[in-house]
Amino acid sequence: MSSFLDVGGAGACRKRKRRGEKVFKFKSFGDNGCPVEFDGSFRENVEALVEYGHLENNPCNGMLSWSFQLEVHRHPPLHILFFVVEEPVEASINLHYCKHCQYVGWGNHMICNKKYHFLLPSKDTIAACFNCDDQINFNDNQNQEKGKFNLVELQGHIMHGVFHSNGFGHLLCVNGMEMGSDLAGYQIMEFWDRLCTGLRARKVSLNDTSKKRGMELRLLYGVAYSQPWFGHWGYKFGRGSYGVNQPIYQKAIEAIQGMPLCLLNPHLSISYNDISVIFSRYQALSDHSMVTLGDLFHFMLELRSRIPKENSNIDSSNPVILVETNCRWSTKRVEAATRVIVEALKRAEFRWVSRQEVRDTARAYIGDTGLLDFVLKSLGNHIVGNYLVRRCLNPVTKVLEYCLEDISTVFPNPEALVLNNSKVKPKVKITKAQLMKDISYLYNHVLKEQKPTPCTGIFSAIPMAARIILDTKFLIKEYTEELAMKVKPGSNRNSSFKLLCTVILRSDNEETDEGYLKKPMPPYECVGLNENGTFDDLKLEVEKSFREVYWRLRGFVVENIVNLSVKGSDFVMGSVETGQKLVFLGRNQDQTQTGTKNNEVTIYECGLNSGRIVDCPCGAKEDDGERLVSCDICEVWQHTRCARIPNNEEIPHVFLCKQCEEKIVLLPSLP
């Protein structure tokens with residue numbers, strides 16, 4: 001069958017609507033009913049989905065693949081291609097094992113019969129796959145190992161996700177507009193999340209290396225929103241590298257978020273002159289007092305989404321006073337009282353002064369105490385002329401204090417008085433370019449700390465906490481299984497009664513309960529049965545289900561139910577409740593069929609790495625995807641970073657861990 005992909009021109013992916021080919025809406029694709037009603041298990045839903053796709057002619061070295069045309073918008077016309085590729089275990093390009101499963105803690109899952117790749121290819125990857133020499137540079141020898149390009153193996157897709165047939169998957173890449181895509185990152189993520197929800201995925205992991213303008217988004221958004229950028233779609237802490245766990249990760253975020261600006265400003269201003277200016281600029285723009293570093297980053301990122309793209313600024317350039325009509329005092333009286341208070345603070349020579357002291361000084365000129373109280377309340381952390389009036393609660397005396405800060409370099413030439421509260425509203429200019437420049441400056445000089453500064457006291461927590469957040473890259477979203485347990489009214493499936501079932505594989509050399517009960521079990525599968533089904537029928541359904549999903553269980557036969565004592569002829573309904581979890585024990589009829597007899601290590605996703613002993617000083621006990629080095633004596637693995645081997649240096653030919661070095665030193669010398 002010939003492919004309907006037209007690769008004759010660079011714009012072929014944008015306008016390609018052929019006669020008879022269905023075009024789906026990008027914004028609704030994956031919703032229930034678009035293109036199909038999803039009412040089965042994950043693998044059943046995938047099979048139902050590809051029936052609506054166009055079967056392609058060998059773009060993936062013999063693996064079955066289907067394509068869908070998706071319309072992003074009509075005016076101007078923009079169509080993109082979506083591919084589903086079925087990868088059987090026999091054709092696995094990674095020797096069956098999944099490193100992504102291993103890194104996120106799913107290494108004890110059995111190898112599945114199939115993987116499904118979901119791809120939004122870029123124009124370059126489509127051109128490379130179909131040998132369009134005029135559209136891509138073929139100097140990359142890595143992509144030519146097999147002589148012919150494989151869509152699954154190519155790098156640079158707009159989106160690439162892969163699922164095992166048990167419903168556990170990994171989002172491998174998302175490349176938005178910064179990488180030349182016609183789609184923004186959030187559009188790609190909404191498409192992916194909609195697809196996972198519709199197909200009834202179980203769990204999805206990703207390795208968060210997202211960046212924007214050189215800034216690691218997991219650090220930037222972690223400080224601003226207490227979650228990574230992917231957290232908007234429900235992705236949470238999955239697994240940390242270098243021994244980082246969820247409590248450590250959470251404390252690291254809280255440590256940076258809670259850093260007081262009033263202490264951070266004088267500390268960093270010694271090395272970075274612009275820090276104080278930036279702090280003052282956004283304090284002046286905010287309607288609320290920003291106390292911590294988390295408040296500042298949250299406000300700046302929220303402000304970024306509010307600045308109009310056309311004008312890219314908040315109007316206007318000239319600050320003006322706008323007093324509401326229901327105010328007790330006229331604008332003239334408010335301005336006069338404000339100037340008196342500012343002059344009183346000027347005489348304090350920019351030191352902190354208590355509220356009562358300011359009030360007493362101003363009363364010599366303003367007799368209306370109610371007006372003074374109103375203005376003092378209004379002036380907290382807001383601009384008056386060339387000054388920012390700062391207000392803070394003294395942590396020792398618990399008394400409100402005020403001081404002035406000169407901001408003439410932040411907003412030059414203010415021609416009028418500015419108050420900023422519910423009754424007095426400022427308007428000051430800030431462009432999106434300036435905002436992004438300030439965010440980048442704070443990221444590089446506060447969070448990443450490019451320039452060496454003395455980190456003492458609470459400030460030493462910033463680089464340490466930032467490192468912990470950056471070491472947390474593996475995120476997981478858990479999709480609910482409640483939908484899988486529901487029976488759709490009018491469904492033709494003979495599965496009105498559903499149970500959650502898993503299996504334990506018994507080997508020939510395991511005859512005791514202690515042996516097989518310690519084995520890892522596959523995730524529970526939702527198995528359906530009709531209302532009159534018996535436990536013998538249930539055993540057949542379990543055998544069929546797990547044979548279809550797992551490579552090592554193709555000859556699996558159930559022997560008995562571990563956590564339930566019943567007869568095979570007993571009816572299931574009435575003996576157990578719907579949704580109950582059952583564990584089935586069995587063995588393979590022909591264990592030699594997979595070539596793994598007496599070598600059960602090879603049936604799990606962790607593969608041969610399951611025998612690797614990891615014991616790193618950071619606390620890591622398993623391979624987390626970071627670079628490791630093995631001791632040449634004890635053969636225990638640890639991180640090169642923890643062993644103080646820089647990433648830009650090669651691993652030494654001979655390496656001894658600290659324990660083995662100490663033992664060698666204690667050995668008696670030879671005579």
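1. Helices here are DSSP runs of H or I with at least four residues, strands are runs of E with at least two, and both are numbered from the N terminus. Ser122 counts as buried because its relative accessibility is 16%, and the cut-off for buried is under 20%. Setting aside neighbours within four places in sequence, Ser122 has contacts with Gly156, His157 and Ile158.

2. On the model as a whole: the structure is predicted. The protein chain has 671 residues, and 50% of them count as buried. Its secondary structure consists of 18 helices and 22 strands. Among contacts with a separation of 6 or more, 69% join residues 24 or more positions apart.

3. The largest pocket comes next. Its volume is about 1,500 Å³. The lining comprises 38 residues, and Gly185, Tyr186, Lys212, Leu217 and Trp229 are the ones nearest the centre of the pocket. By class, the lining holds 19 nonpolar, 10 polar and nine charged residues.

4. Which elements each supply at least two residues of that lining? The strands are β7 (168–174), β8 (203–207) and β9 (211–212). The helices are α4 (185–199), α5 (217–225), α9 (293–306) and α13 (432–447).

5. Helix packing, α5 with α13. Two packed helices are described by the angle between their axes and the distance between the axes. The axes of α5 and α13 cross at roughly 95 degrees and come within 12 Å. This angle makes α5 roughly perpendicular to α13. On the α5 side the contact involves Leu219, Leu220 and Val223, and on the α13 side Ile439, Tyr443 and Leu447. The contact of α5 with α13 has six nonpolar residues, no polar and no charged.

6. Helix packing, α5 with α9. Here the axes are 7 Å apart and the angle is about 110 degrees. α5 and α9 are therefore roughly perpendicular to each other, since the range for that class is 65 to 115 degrees. From α5, Leu220, Tyr221, Val223, Ala224 and Tyr225 take part; from α9, Gly294, Phe297, His298, Leu301 and Glu302. The contact of α5 with α9 divides into seven nonpolar, two polar and one charged residues. Leu220 and Val223 of α5 meet residues of α9, and Leu220 and Val223 also meet residues of α13.

7. Trp233 sits in the loop between α5 and β11 (236–239). Is Trp233 buried or exposed? Trp233 counts as buried, because its relative accessibility is 7%. Apart from neighbours within four places in sequence, Trp233 touches Tyr186, Met189, Glu190, Asp193 and Lys477. Among these, Tyr186 is also one of the residues nearest the centre of the largest pocket. Lys477 is 244 residues away from Trp233 in sequence, yet the C-alpha atoms of the two are 8.3 Å apart.

8. Val85 belongs to strand β4 (residues 78–88). With 0% relative accessibility, Val85 counts as buried. The C-alpha atom of Val85 is 6.6 Å from that of Phe118, a residue 33 places away along the chain.

9. Backbone points to check, starting with the peptide bonds. Most residues other than glycine have a negative phi, and most peptide bonds are trans. The bond joining Cys34 and Pro35 is cis, with omega at about 5 degrees. Pro35 is in the loop between β1 (23–25) and α1 (42–50). A cis bond also runs from His75 to Pro76, where omega is near -5 degrees. Pro76 lies in the loop between β3 (65–73) and β4.

10. Positive phi values. Glu635, a residue other than glycine, has phi near 60 degrees. Glu635 is located in the loop between β21 (628–630) and β22 (637–639) and counts as exposed, at 56% relative accessibility. Arg644, which is not a glycine, has a positive phi of about 60 degrees. The loop between β22 and α18 (658–666) holds Arg644, and with a relative accessible area of 78% Arg644 is exposed.

Definitions and conventions:
Residues are numbered from 1 along each chain as its sequence is written. This is a predicted model: local features need pLDDT of at least 70, side-chain atom pairs count only at pLDDT 80 or more; totals for chains, interfaces and linings use all residues. Side-chain values use heavy atoms; hydrogens and water are left out. On a 1 Å grid over the protein atoms alone, a cavity is a set of points where a 1.4 Å probe fits but cannot get out, and a pocket is an open set with protein on both sides within 12 Å along at least five of seven lines; lining residues have an atom within 4 Å of a point. Grid points are joined across faces, edges and corners, and a volume is the space filled by probe spheres set on the points. Ala, Val, Leu, Ile, Met, Phe, Trp, Tyr, Cys and Pro count as nonpolar, Asp, Glu, Lys and Arg as charged, and the others, Gly among them, as polar. Axes are lines fitted to C-alpha atoms, for helices over the stretch in contact, and angles run from 0 to 180 degrees between N-to-C directions. Angles under 35 degrees count as roughly parallel, over 145 as roughly antiparallel, 65 to 115 as roughly perpendicular and the rest as oblique. Contact means heavy atoms within 4.5 Å. Buried means under 20% relative accessible area, exposed over 50%, partly exposed in between (1.4 Å probe, protein chains only).
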